Amino acid sequence: MATSNIKALISGELRKVWELVLNVENYGAWRSDLSKTEVISDKQFIEYTKDGYPTTFTVTLVEPYRRWEFDMENSNMTGHWIGIFTDKGNETEIDFMECVEAKKWPMKPFVKSYLKKQQAQFVADIRKALEGNNL
C-alpha cells in the first residue's frame, strides 16, 4: 500500500477553506483535474476526471472544521483519505494523507509518485480558488 502526505499553510480562515474543500458539488468550478462531480448522497459522491474516468468516494468521518475522511475506489485502486484542518488565524494548516492500494500489479511502482502529484495539484487548486475568490 502506498501512502502519501502533504501539509501546507493556506491563506484563508479555517471556515472558508473547510467549506471550499467539502463543497464537492462545486469541484468542477475550481479543480483543474476534474470535469465534474456527481453527489449520490450526503455520504457518497463520484469525481470524473477530464477524460470522464470515475472514482467513487464514501465519507466515513466528518468532524466539522477539523477532520474529513473517506474511502475511495475505482477500477485501478482502492484507498482511504484523511484531511485535517487546523485554524492558524488568517491561515489554515491542511494535512492530507492518502493510503492507496493499486488493483493491478504493474501500476504499483507508480502509485506513490501519482499520489504526490495529485496532492500537490489539489493544494495548488485550493490556493488558486481562494486567492481568486472566484467562487
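A salt bridge is taken here as a side-chain nitrogen of Lys or Arg within 4 Å of a carboxyl oxygen of Asp or Glu. In this predicted model, a search of the whole structure finds seven such salt bridges, and three of them are set out below.

| Salt bridge | N to O distance |
|---|---|
| Arg-31 with Asp-33 | 3.0 Å |
| Arg-67 with Glu-69 | 2.5 Å |
| Lys-103 with Glu-73 | 2.7 Å |

Glu-73 is partly exposed at 41% relative accessibility, and Lys-103 is partly exposed at 41%. Salt bridges with shared partners also join Arg-31, Asp-33 and Glu-47 into one network.

Arg-31 is found in the loop between helix H2 (27-30) and strand E2 (34-41), and with a relative accessible area of 8% it is buried. Asp-33 is likewise buried, at 18%, because the cut-off for a buried residue is under 20% relative accessible area. The side chain of Arg-31 makes a polar contact of 3.2 Å with the side chain of Glu-47, and, neighbours within four places in sequence aside, Arg-31 is in contact with Glu-47, Lys-50, Phe-122 and Asp-125.

Strand E7 (residues 91-102) pairs in the antiparallel sense with strand E1 (residues 2-11) over ten bridges, where Ile-6 has Phe-96 as its bridge partner. E7 also pairs in the antiparallel sense with strand E6 (residues 77-88), over twelve bridges, and there Ile-82 stands opposite Met-97. The hairpin of E6 and E7 has two residues between the strands, and in that hairpin Gly-89 takes a positive phi near 80 degrees.

How values were computed: Residues numbered from 1 in each chain as written. Predicted model: local features only at pLDDT ≥ 70, side-chain atom pairs only at ≥ 80, totals over all residues. Heavy atoms only, no water. Pairing = 2+ DSSP bridges. Helix = DSSP H or I, 4+ residues; strand = E, 2+ residues; numbered from the N terminus. Buried < 20%, exposed > 50% of the residue type's maximum accessible area, 1.4 Å probe, protein only. Polar contact = N/O pair within 3.5 Å; in protein donor to acceptor, adjacent residues only side chain to side chain. Contact = heavy atoms within 4.5 Å.
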